[in-house]
Amino acid sequence: MEDGFVDCHCHISAREFEEDLEDVIQRTKEAGVKTLVAVTEEVGEFARVLQLQERYPDLVAPCFGIHPLQVGGGSEQRSVKPQDLDAALPHFYKHRERLVGIGEIGLDFTPWCAPSQQDKDHQMDVFIKQLSVAKELELPVNVHSRSAAKVTIETMREQGISRALLHNFAGKPSVALEGVKAGYVFSFPPAVCRNQQRDKLIKQIPLEHICLETDSPALGLEKHVRNEPRNITLSCRYIADVKGVSPETVQLVTTQNAYRLFPKAKRR
């Protein structure tokens with residue numbers, strides 16, 4: 001039997017954790033979290049996530065990815081450009097043995113993030129290239145799909161992707177069920193506890209297609225408070241309540257789902 005939680009999507013290499021990382025990791029373990037699937041958003045994070053894997057080899061399971069949104073001048077976000085991926089690609093191959101997945105990758109068609117058709121085209125180009133790398137390296141993908149749920153799932157199906165996690169999914173239930181048909185898995189962070197907006201979605205997705213995540217340091221219970229991996233228990237309890245099953249059942253099934261999706265993460 002599987003025991004403990006898998007946080008299928010977190011940013012443990014984020015600057016927000018630098019000052020008190022030891023304490024965060026301690027609280028993570030005390031909460032029963034056995035694996036952190038640690039995603040990255042830009043090439044500058046790759047070395048940091050590998051360092052964390054070396055420091056916590058039984059806990060941190062790294063993914064490399066170029067996010068559809070990149071930090072531009074100052075702290076402003078801008079839509080990704082093909083050259084952002086060019087610098088990263090050699091690292092995917094160099095460290096392929098250490099990666100458990102490719103992510104965080106995907107599409108973000110929120111109007112203020114991708115105002116022009118060229119922005120959307122560049123995002124799609126970068127997404128498809130990373131899907132191709134994932135297939136070549138035989139790794140699952142860890143995917144962002146804000147304001148682009150339908151096209152993200154359609155693109156992955158067209159590209160022959162069979163193993164995908166759609167993180168913090170907020171598309172329509174009918175779109176999610178297309179993903180379920182393709183064998184994809186959906187994860188939900190503690191932010192879902194803030195309101196009942198995604199109850200219908202969570203009810204309709206079979207538990208065998210759900211994983212737990214925190215997306216920490218973002219998407220916690222309170223908007224402007226740093227989230228941590230230990231808060232995965234909040235997602236677990238909420239999904240259990242919505243589905244009318246026990247938290248133990250949710251913990252067990254989601255952990256099995258996670259290790260099926262990310263088999264290289266189960267190194268224990």
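In the predicted model, His9 is located in strand 1, which spans residues 5-10. The relative accessible area of His9 is 0%, so the residue is classed as buried. Through its side chain, His9 forms a polar contact with the side chain of Glu104, at 3.1 Å. With residues up to four places away in sequence left aside, the contacts of His9 comprise Val37, Val39, Glu104, Asn142, Leu165, His167, Glu213, Thr214, Asp215 and Ser216.

The cysteines were examined for disulfides, for which two cysteine sulfur atoms must lie within 2.5 Å. The count under this criterion is 0. For Cys8, the nearest cysteine sulfur belongs to Cys211 and is 3.8 Å away, and Cys8 is in no disulfide. Cys8 has a relative accessibility of 0% and is therefore counted as buried. Cys10 is likewise in no disulfide; its nearest cysteine sulfur is that of Cys63, at 9.2 Å. Cys10 is also buried, because its relative accessible area is 0%.

Helix 6 (residues 149-158) packs with helix 7 (residues 173-181) at an angle of about 15 degrees, and the two axes are 9 Å apart. Helix 6 is therefore roughly parallel to helix 7, the limit for this class being an angle under 35 degrees. The crossing of helix 6 past helix 7 is left-handed. On the side of helix 6, the contact involves Ala149, Lys150, Ile153 and Arg157; helix 7 contributes Val175, Glu178, Gly179 and Lys181.

Definitions and conventions. Residues numbered from 1 in each chain as written. Predicted model: local features only at pLDDT ≥ 70, side-chain atom pairs only at ≥ 80, totals over all residues. Heavy atoms only, no water. Helix = DSSP H or I, 4+ residues; strand = E, 2+ residues; numbered from the N terminus. Buried < 20%, exposed > 50% of the residue type's maximum accessible area, 1.4 Å probe, protein only. Polar contact = N/O pair within 3.5 Å; in protein donor to acceptor, adjacent residues only side chain to side chain. Contact = heavy atoms within 4.5 Å. Axes fitted to C-alpha atoms, helices over the stretch in contact; angles between N-to-C directions. Parallel < 35°, antiparallel > 145°, perpendicular 65-115°, else oblique. Left-handed = near helix turned anticlockwise from the far one by under 90°.
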